[in-house]
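Have a look at the model first, and then we can walk through it topic by topic.

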Amino acid sequence: MIGPIILFVLFVISTYFVVKPFLSTSTGVTNPVQDNTPKPEELQKISLLKQIREVEFEREMGITVEEDFQRIRSELVEQVGGLLKRQGKSAKKGSKSLSGTTTCRHCHKSVSPDDKFCGHCGKSLDKTRCGTCGITVVPEAKFCSGCGAKQV
Ligand SMILES: [Zn+2]
Ligand SMILES: [Zn+2]
């Protein structure tokens, strides 16, 4: 009676270890080109959910100890969460969020393109204004005509 159960369990375990490295490499590599195609992520999500069910099953069968079960399951849940987060992000903001951020030309920290002043260094983000004193300068000017500050 116990023979087929052991065979099945071995099959499930071997499937898990065959699939696992494939999944971890595909999640580790973030390819921006593939961001617009949600299909692989959807497939990944399905296979992760399948794996969660498998570890739950293995635990019920008593072959996975509680400690391993918690660790494996939380890893899988985390990966699913990451996938859902990415999907939600791209669905909400689309490609705008990817190209929407810009960096401050003074301190090089990320700022919103709508910002008039940098939230990190407080300097003007308007290219036609001096970052130090705020007077209007020509975009190609190397130094401010008002305060002499170097224009970035
Ligand atoms: Zn700044
Ligand atoms: Zn100035």
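Helices (H or I, at least four residues) and strands (E, at least two) are DSSP runs, numbered from the N terminus. By that rule, Val19 has its place in helix α1 (residues 2-28). Please keep in mind that this is a predicted model, in which local features need pLDDT of at least 70, side-chain atom pairs count only at pLDDT 80 or more, and totals for chains, interfaces and linings use all residues. Residues are numbered from 1 along each chain as its sequence is written, while chains are lettered from A and ligands numbered from 1 in the order in which they are written.

**Overall layout**

- The chain contains four helices and two strands, and their order along the sequence is α-α-α-α-β-β.
- Of its 152 residues, 10% count as buried; a residue is buried if 20 or more other C-beta atoms lie within 10 Å of its own, exposed if 12 or fewer, and partly exposed in between, with C-beta atoms placed from the backbone.
- Among contacts with a separation of 6 or more, 26% link residues 24 or more positions apart; two residues are in contact if their C-beta atoms, placed from the backbone, lie within 7 Å.

**Confidence**

- The mean pLDDT of the chain is 81, and 80% of its residues reach 70 or more; pLDDT is the predictor's confidence in each residue, from 0 to 100.
- Where pLDDT is low, the predicted coordinates should not be read in detail.

- Helix α2 (residues 39-60) has 22 residues and reaches 32 Å from its first C-alpha to its last. That is close to the 32 Å expected at 1.5 Å a residue, where the expected span is 1.5 Å times one less than the number of residues.
- Leu48, Gln51 and Val55 are the buried residues of α2. They cover an arc of only 60° around the axis, so they sit on the same side of α2; the arc is that of the directions from the helix axis to the C-beta atoms.
- On the other side of α2, the exposed residues are Lys39, Glu42, Leu43, Ile46, Arg53 and Glu60.
- Just after α2, Gly62 takes a positive phi of about 85°.

- Val19 is partly exposed, with 15 other C-beta atoms within 10 Å. Not counting residues up to four places away in sequence, Val19 touches Ser47 and Gln51.
- Val19 and Ser47 are 28 residues apart in sequence, yet 8.9 Å apart in space, C-alpha to C-alpha.
- Glu54, found in helix α2, touches Val12 and Tyr16, not counting residues up to four places away in sequence.

**After the helices**

- His108 lies in the loop between β1 (102-103) and β2, and it is exposed, with 12 other C-beta atoms within 10 Å.
- Most residues other than glycine have a negative phi. His108 has a positive phi of about 65° although it is not a glycine.
- Lys123 lies in the segment after β2. Leaving aside neighbours within four places in sequence, Lys123 is in contact with His106, Phe117, Cys118, Gly131 and Thr132.
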